[in-house]
Every structure is written in structure tokens, then in C-alpha cells.
Amino acid sequence: MRARLDSMAPGAEFHFLCVPKMADDMDKVVADGGGSITCRDDRSYGVVLSVRKI
């Protein structure tokens, strides 16, 4: 996650799917990488997170 955020330009956004338990821990990981979670969508098959580079 940090490597992907490091290679992104400020304002760039990406979306990814993860399991609910992992999604709960992503706030700190994304913040440490210089990003923020802009949207969380809980679905029956997992959680879709939208992350934007700050």
C-alpha cells in the first residue's frame, strides 16, 4: 500500500477490495503512506475502499 501511494501523484485515486477485518486496519496504513480513505463501501463479498493521495 505504501509503495503504491508513494508512486502516485497528489490527488490521484484508486479503489481496491479487501476483507472486512483488513479494511478496519487500513486507516493507519493509508495515513502513514500519505493518503486518505475517501469512501468505504461494505458489500456482501468484501469492502471496497477508495483511497486518494494527499
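**Ground rules.** I worked with a predicted model in which local features need pLDDT of at least 70 and side-chain atom pairs count only at pLDDT 80 or more, while totals for chains, interfaces and linings use all residues. I numbered residues from 1 along each chain as its sequence is written, and my side-chain values use heavy atoms, with hydrogens and water left out.

**Entry 1, charge pairs.** I looked up the salt bridges, taking each as a side-chain nitrogen of Lys or Arg within 4 Å of a carboxyl oxygen of Asp or Glu, and I found that the structure holds six of them. I noted as background that side chains of opposite charge can pair when their charged atoms come close.

I found a salt bridge between Arg-2 and Asp-32, with 3.5 Å between the closest N and O atoms. Arg-2 belongs to helix α1 (residues 2–7) and Asp-32 to helix α2 (residues 20–32), so this pair ties together parts that are 30 residues apart in sequence.

I used relative accessible area with a 1.4 Å probe and protein chains only, where buried means under 20%, exposed over 50% and partly exposed in between. Arg-2 is partly exposed at 48%, as is Asp-32 at 43%, whereas Lys-28 counts as exposed at 57%.

I then looked up the salt bridge in which the side chains of Arg-52 and Glu-13 meet, at 2.6 Å from N to O. Arg-52 lies in strand β3 (residues 46–53) and Glu-13 in strand β1 (residues 13–18), so the pair ties together parts that are 39 residues apart in sequence. Arg-52 is partly exposed at 36% relative accessibility, and Glu-13 is partly exposed at 35%.

I searched for disulfides, that is, pairs of cysteine sulfur atoms within 2.5 Å, and found zero. The closest cysteine sulfur to that of Cys-18 is in Cys-39, 12 Å away and too far for a bond. Cys-18 counts as buried at 6% relative accessibility, whereas Cys-39 is partly exposed at 38%.

Conventions:
Helices (H or I, at least four residues) and strands (E, at least two) are DSSP runs, numbered from the N terminus.
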